[in-house]
Amino acid sequence: MSLSAQRPHRSASRIDTTAYYKLSEVQVTAPTGVGRIKQTGYNALTIDTKLMQNTTKTLADALRMAPGLKLREAGGVGGETNIMLDGMDAKYVKVFIDGIPQEGVGSAYRLSNIPAGMADRIEVYKGVVPVEFGTDAMGGVINIVTRRRPFRWYADASYSFGSFNTHRSTVRAGQQLKNGWSYDLSFYQNFSDNDYKVKTFVTQFLDNGFEQTDRNKIETVRRFHGQYHNEAVTGAVGLTGRSWADRLLFNMTYSHEYQQIQNGVRQEIVYGQKHRKGTVLTPRLSYSKRHFLLRGLQMDADLSYSHNISYNVDTAAYKYNWYGERRPTGSPGEQGYQNTESATDIWTARIAAKYHWARRHLLTLNYSWNHFNRKNRSYLANTSRITDYTIPKKTAKNIVGLSYHYTPSRLWNVVVFGKYYGERVEGPVSLNEDGIGGYVSQRMSSDALGYGTALSIFPLRGLQTKLSYEKAYRLPTITELFGDDDLESGRATLKPESSHNYNISLSYDLSLGRQAIHAEATGILRDTRNFIRRTIESVSGTYYGAFENHGRVRTMGYTLTLRYTPAQWLTLGGTYNDISAKDRERSLSATSGQSSLHYNVRMPNMPYRYGTADVTVRWVGLGAAANTLTLTYNLNYQHEFPLYWENIGSADSKKRVPTQTAHDVALAYNIGARYNFSLECNNITNEDLYDNFSIQKPGRAIYAKVRVFVGK
């Protein structure tokens with residue numbers, strides 16, 4: 001993992017404040033280096049985050065406007081953020097930073113925490129994923145690219161302040177020496193009280209010791225236990241231009257995080273002292289060499305280690321209500337009595353070779369290895385029944401990919417590939433029928449072979465058709481296998497999911513002088529088997545999440561994109577997405593054989609219809625020739641969706657996430673290349689916004705930012 005601060009683009013002072021995604025000329029960087037894959041059949045796009053350096057936006061914010069992408073956030077700053085991509089939820093989408101997978105490295109590195117300006121761009125692969133990433137992502141890959149062309153020296157600092165006592169700051173500096181050595185230092189922090197108002201019913205504590213709850217009386221209350229802060233610092237030292245290495249880079253990243261937990265999975269469940277905290281230390285070494293041993297062979301290698309220590313603390317013997325009042329309960333634990341430490345060690349290694357033995361032929365071989373080891377310790381006298389803290393949890397993943405890219409002409413090209421997936425799991429497995437308690441250590445293994453192809457055709461000038469298919473596999477996640485050391489129990493015996501993934505897209509680009517039009521339509525189909533379903537199990541009145549292999553799910557839909565630049569000072573566009581995942585399993589469970597009541601019904605608690613629109617106006621030369629004023633408007637639309645199966649129960653009583661529309665505006669003024677000021681207002685109409693049922697997002701919020709850059 002690398003979050004090293006690299007130098008900003010020289011034209012950063014005149015940049016736009018909205019995320020601009022390049023769909024017609026996609027510059028995609030696989031972990032093995034920069035390659036122009038616009039011509040290939042992979043459904044990919046890039047988001048140029050330099051366009052957001054002068055705003056308070058995060059990398060998650062930069063993704064919002066991309067076609068097919070949907071962010072589901074819980075709470076304000078530091079809240080959990082799940083990324084949906086073409087109808088596939090977060091467990092199917094893998095996140096990388098400079099080609100290094102981020103699974104298990106800690107929540108401090110959520111995309112919603114990292115400032116957008118810390119990266120050069122974001123690459124998004126939808127559906128079929130190139131073998132260079134060495135991953136089991138069935139839904140796609142998001143790769144954060146931080147490497148940039150350096151200035152000789154630079155210093156870059158920013159600070160923002162806004163609603164709910166939110167503070168964000170970044171400091172970056174670096175230098176490129178004449179002898180090929182370079183160094184970079186970067187720091188960023190986020191802090192917020194997250195004390196925004198929410199609407200909910202309130203449990204009242206009566207003087208006689210009883211409680212009274214009127215669920216029909218909805219009140220507006222302020223959050224009082226949602227403070228969050230995290231800090232991260234990165235140092236990088238690199239050497240370039242040697243006969244034995246084009247690039248050798250060493251990174252070291254350290255982060256700290258603290259989060260108060262205000263509520264449970266439902267907003268009506270309120271806490272007053274439950275919290276979590278943690279630290280992550282990650283060193284990384286990267287090597288790259290063109291013409292390695294023979295001409296046309298490029299070699300890339302990465303080795304990283306992550307040490308993550310986290311604590312979950314829930315020991316208070318009180319019950320709180322939304323007024324902030326409390327009363328003793330006589331037993332510790334607001335949700336589930338715990339004071340646990342999790343120490344996680346993750347080793348990741350990757351070796352990739354690309355061989356151009358002729359102009360039209362490219363052969364790529366990639367090997368990725370990931371080893372995960374978590375040890376838990378409870379500071380309580382009696383450990384929880386949900387796990388055995390004395391048994392370590394281990395996984396080892398090996399993924400090998402081989403691809404061949406043939407380009408006979410400019411009119412068409414094709415990629416064919418194969419992948420091997422191997423996973424070894426060792427951890428606690430319950431011998432009891434209910435799957436709780438009685439744990440012993442067991443070892444399991446699974447292997448699979450995948451394959452696919454991607455075809456690109458240019459039938460007319462400006463018109464491109466892409467077709468791709470993959471027989472893909474997804475290995476169970478760490479949480480699915482071993483839980484989260486809180487209220488997810490996990491199941492170490494899970495089998496991998498398999499899927500047939502189909503993608504088709506048609507895009508058209510037209511330039512008429514200073515005018516430009518881009519239009520694209522994409523269709524997707526995912527037929528998933530051995531679907532891993534989350535269930536709820538109750539132990540002594542406490543509910544725990546569990547997982548099981550059952551069923552078949554079919555995801556199908558389309559995305560539409562239109563962008564128009566009528567003049568240099570104006571850009572507008574939007575996306576529309578309609579993608580549904582439906583249950584295709586005829587039986588209710590894998591053992592009973594009972595017919596399912598929701599066969600061919602849309603999966604619950606999943607957004608399926610949403611869209612975006614944006615308009616950007618620029619005034620170049622305002623006040624001076626080098627100054628630019630930029631005004632941006634963004635709209636996000638989400639259609640309602642049900643919490644449970646939509647065909648069961650009365651329509652009047654169904655729990656739903658409502659239809660909603662959010663409006664954001666941003667004003668930025670750049671004075672030359674040095675000083676930048678911005679003022680933003682999110683949710684300007686103060687709508688009640690929800691990504692997850694009953695968990696309300698912040699209302700209207702105003703932020704101001706100042707940024708200063710010097711360098712040459």
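Student: In the hairpin of β12 and β13, which residue takes a positive phi?
Tutor: Gly-180 does, with phi near 100 degrees. The hairpin has 4 residues between the strands. Keep in mind that this is a predicted model.

Student: In which sense do β12 and β13 pair, parallel or antiparallel?
Tutor: Antiparallel, over 10 bridges. Strand β12 covers residues 166–176 and β13 covers residues 181–192.

Student: What stands opposite Tyr-183 there?
Tutor: Gln-175 stands opposite Tyr-183 of β13. Tyr-183 also has a bridge partner in β18, namely Val-237.

Student: What is Arg-242 in contact with, leaving aside neighbours within four places in sequence?
Tutor: Asn-179, Gly-180, Trp-181 and Lys-289. A polar atom of the Arg-242 side chain also lies 3.5 Å from the backbone oxygen of Thr-240.

Student: Is Arg-242 buried or partly exposed?
Tutor: Partly exposed, at a relative accessible area of 30%.

Student: Switching to aromatics. How many aromatic pairs are in the whole structure?
Tutor: A search finds 15 aromatic pairs. One of them is Phe-224 with Trp-322, which is edge-to-face: 6.4 Å centre to centre, 85 degrees between the planes.

Student: Which parts does that pair tie together?
Tutor: Phe-224 lies in the loop between β17 and β18, and Trp-322 in the loop between β22 and β23, so the pair ties together parts that are 98 residues apart in sequence.

Student: Which of these two residues is buried, Trp-322 or Phe-224?
Tutor: Trp-322 is buried, with a relative accessible area of 3%. Phe-224 is partly exposed, at 33%.

Student: What about Tyr-355 and Trp-357, is that pair stacked or tilted?
Tutor: Tilted, with 40 degrees between the planes and 6.2 Å centre to centre. Tyr-355 is partly exposed at 28% relative accessibility, and Trp-357 is partly exposed at 41%.

Student: Which residues form one aromatic cluster with Tyr-355 and Trp-357?
Tutor: Tyr-404, Tyr-406 and Trp-412 form one cluster with them.

Student: And charges over rings: what sits over Tyr-318?
Tutor: The charged end of Arg-326, 3.8 Å from the ring centre. There is also Lys-277, which lies over the face of Tyr-311 at 5.6 Å from the ring centre.

Student: New topic. Where does Ser-678 lie?
Tutor: In strand β41, residues 675–682. Ser-678 is buried, with a relative accessible area of 7%.

Student: What does the side chain of Ser-678 reach?
Tutor: The backbone oxygen of Asn-54, at 2.9 Å.

Student: Which residues does Ser-678 touch, not counting those up to four places away in sequence?
Tutor: The list is Asn-54, Thr-55, Leu-667, Ala-668, Tyr-703, Ala-704 and Lys-705.

Student: Back to phi. Which residue has a positive phi although it is not a glycine?
Tutor: Asn-530 has a positive phi of about 55 degrees. Asn-530 lies in the loop between β31 and β32 and is partly exposed, with a relative accessible area of 34%. Asn-605 also has a positive phi of about 55 degrees without being a glycine.

Student: Where is Asn-605 found?
Tutor: In the loop between β35 and β36. Asn-605 counts as partly exposed, at 28% relative accessibility.

Student: Last bit, the whole protein. How many helices and strands?
Tutor: There are 2 helices and 44 strands. Of the 712 residues, 56% count as buried.

Student: What share of the contacts between residues at least 6 apart in sequence join residues at least 24 apart?
Tutor: The share is 67%.

How values were computed: Residues numbered from 1 in each chain as written. Predicted model: local features only at pLDDT ≥ 70, side-chain atom pairs only at ≥ 80, totals over all residues. Heavy atoms only, no water. Pairing = 2+ DSSP bridges. Buried < 20%, exposed > 50% of the residue type's maximum accessible area, 1.4 Å probe, protein only. Contact = heavy atoms within 4.5 Å. Phe/Tyr/Trp six-rings, centres within 6.5 Å; stacked < 30°, edge-to-face > 60°. Lys NZ or Arg CZ within 6 Å of the ring centre and 35° of its normal. Polar contact = N/O pair within 3.5 Å; in protein donor to acceptor, adjacent residues only side chain to side chain.
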